[in-house]
Amino acid sequence: MDWGSDLWDQHDVIERHTQNGLDLLERYVKFVKDRAEIEQNYAKQLRNLSKKYSRRGVKEEQDTKLTNQQPFQDVLNELNNYAAQREQLSEIMTLKICVELSRTLQELRQERKNHLCEVKKAQQNLDSSYKLLETSKKRFEKEWREAEKANQQTERVQQEVSSTKADVEKAKQHAHFRVHLADECKNEYASQLQKYNQEQNNFYHSEIPSAYKKLQEMEERRIRLLANGYVQFSESEKNLLPNINQCLDAIISTGRNINEKQEALALIEQYKSGAVPPADVEFEDYSQGVRPAVSDNNTTHLPKVRIKQLFNKKHKVTSPDKNMPSLPEDLSRLPPDQKSRRLQEKIDDIQKELQRETEKSDALMRMKGVYEQNSQLGDPSSLQPQITQLAHNIARLRGELSKYQVQLTEAGGGTLQHNPASSENISVLSESSMSPTDNIYKCEFDEDFDVDVPIGQCTALYDFDGSSEGAVSMRVGEQLSLMQEDQGDGWVRVQRSGGDVGYVPASYIQII
């Protein structure tokens with residue numbers, strides 16, 4: 001059973017049915033577009049929500065270290081990753097469903113139009129043939145009547161007594177002409193009838209079945225295409241469920257890993273002073289008339305001092321003004337435990353800053369060597385003020401580091417460490433600052449040296465297809481070099497082990 005043999009007389013039904021099918025496909029494309037926009041807006045709102053409740057600033061970062069705020073920050077980070085998965089879902093729906101179905105919809109519309117035009121053209125040809133048949137039929141009918149009239153006229157002329165032989169012969173010739181003309185019209189009518197019957201048979205048994213069968217095949221392809229669209233609509237989200245579940249599992253893991261007792265003890269570890277409570281205040285009996293001698297030990301006044309420090313607003317710790325120059329902090333009055341902790345924090349901060357300054361100076365020295373080898377690239381003397389300033393900064397940092405390490409050792413919180421490499425670096429920089437024209441480095445440099453060095457390492461948490469311009473692909477678990485941190489747009493620049501450099505979503509990596 002097919003449309004050509006069973007629906008040969010239902011042209012309007014087939015035309016209306018195929019049009020409704022294409023309209024349904026178009027409606028589904030619009031539906032998927034709206035769903036993709038919903039996913040995109042949902043992801044945008046999730047990112048804004050995560051950004052709104054994320055802690056920023058030095059004070060807030062310090063609060064995160066001191067309390068149990070870090071798990072909440074981890075939840076916000078995973079929510080950001082979840083938003084990235086929703087964005088990817090929106091992109092997949094747009095590219096793999098909407099774009100493909102829209103393109104195929106246009107092709108089906110054109111194909112349907114061509115098939116209907118074929119049917120219409122065949123119908124027009126059949127109608128033209130039928131008109132010719134009717135014309136030849138009417139002509140034959142007219143000529144046959146004229147021939148009968150001519151025969152009747154001939155018989156009347158023959159029966160009249162007054163008719164001459166010439167009149168009779170003329171009537172016979174006219175009748176013979178009319179009969180001959182009627183016979184020609186009859187033959188033409190028969191030929192046209194046979195031709196029309198052949199065209200009609202070809203129309204209803206060949207052309208119409210062929211065209212309707214093609215329309216049926218087109219309709220079946222449309223139905224299968226729409227069914228595949230339903231499948232892709234579900235599979236596109238189903239394939240992302242592992243990544244989405246990974247984000248949700250990470251949030252669950254964060255909540256289950258919180259130890260309320262450990263969080264409460266963290267405040268003790270941060271702020272405990274190590275001092276013992278003050279002793280009882282001794283009774284001073286003034287009624288005896290004898291004033292006790294003033295003791296040189298002023299520890300008896302410790303409770304009063306502590307009470308003032310605790311409750312007097314004048315001793316409240318305030319954040320320093322950013323416009324004021326930083327003054328050295330007096331740690332001598334801190335309890336031993338807090339003093340050791342603060343000294344260790346300062347040492348760590350100075351070491352990080354010293355490492356950054358050292359890397360900057362090394363890069364400038366390498367660049368200076370390149371300029372000395374090829375003066376067209378730049379003037380080596382233009383880098384000397386920066387090199388000199390970095391040398392002074394490194395020397396200052398080394399001095400502060402040594403001072404705090406000595407204080408930490410005296411406080412019993414660590415041992416004195418010495419970094420000969422840094423000292424050597426200071427000496428080299430000092431010499432370069434004293435003689436700017438000297439060639440510090442004698443080694444050769446690569447002509448295509450690039451000062452863009454990695455600032456860290458990171459690991460890919462998810463697969464990413466960097467098909468867009470400026471992006472780079474990565475696989476889950478891949479080790480990458482971090483070239484540039486997130487500038488607020490949600491992307492970071494990384495370098496793969498093969499040398500490919502590009503941007504990936506910041507939520508797709510974890511900095512080591």
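**Exercises on ring pairs and a sheet**

Tyrosine 230 is partly exposed, with a relative accessible area of 43% (buried is under 20%, exposed over 50%, partly exposed in between; 1.4 Å probe, protein chains only). The model is predicted: local features need pLDDT of at least 70 and side-chain atom pairs pLDDT 80 or more, while totals for chains, interfaces and linings use all residues. Residues are numbered from 1 along each chain as its sequence is written, and side-chain values use heavy atoms, without hydrogens and water.

**Exercise 1.** Classify the ring pair of tyrosine 28 and tyrosine 230.

Step 1. Rings of Phe, Tyr and Trp (its six-membered ring) pair if their centres lie within 6.5 Å; planes under 30 degrees apart are stacked, over 60 edge-to-face, the rest tilted.
Step 2. The two centres are 4.9 Å apart and the planes stand at 85°, so the pair is edge-to-face.
Step 3. Tyrosine 28 lies in helix α2 and tyrosine 230 in helix α5, so the pair ties together parts 202 residues apart in sequence (helices are DSSP runs of H or I, at least four residues; strands are runs of E, at least two; both are numbered from the N terminus).
Step 4. Tyrosine 28 is buried, at 8% relative accessible area.

**Exercise 2.** Find the strand order and the edge strands of the open sheet.

Step 1. Two strands pair if DSSP finds at least two bridges between them.
Step 2. The 5 strands run β4-β3-β2-β1-β5, with antiparallel pairing.
Step 3. β4 (501-505) and β5 (509-511) each pair on one side only, which makes them the edge strands.
Step 4. Between β1 (residues 456-460) and β5 there are 3 bridges, and alanine 460 stands opposite isoleucine 509.
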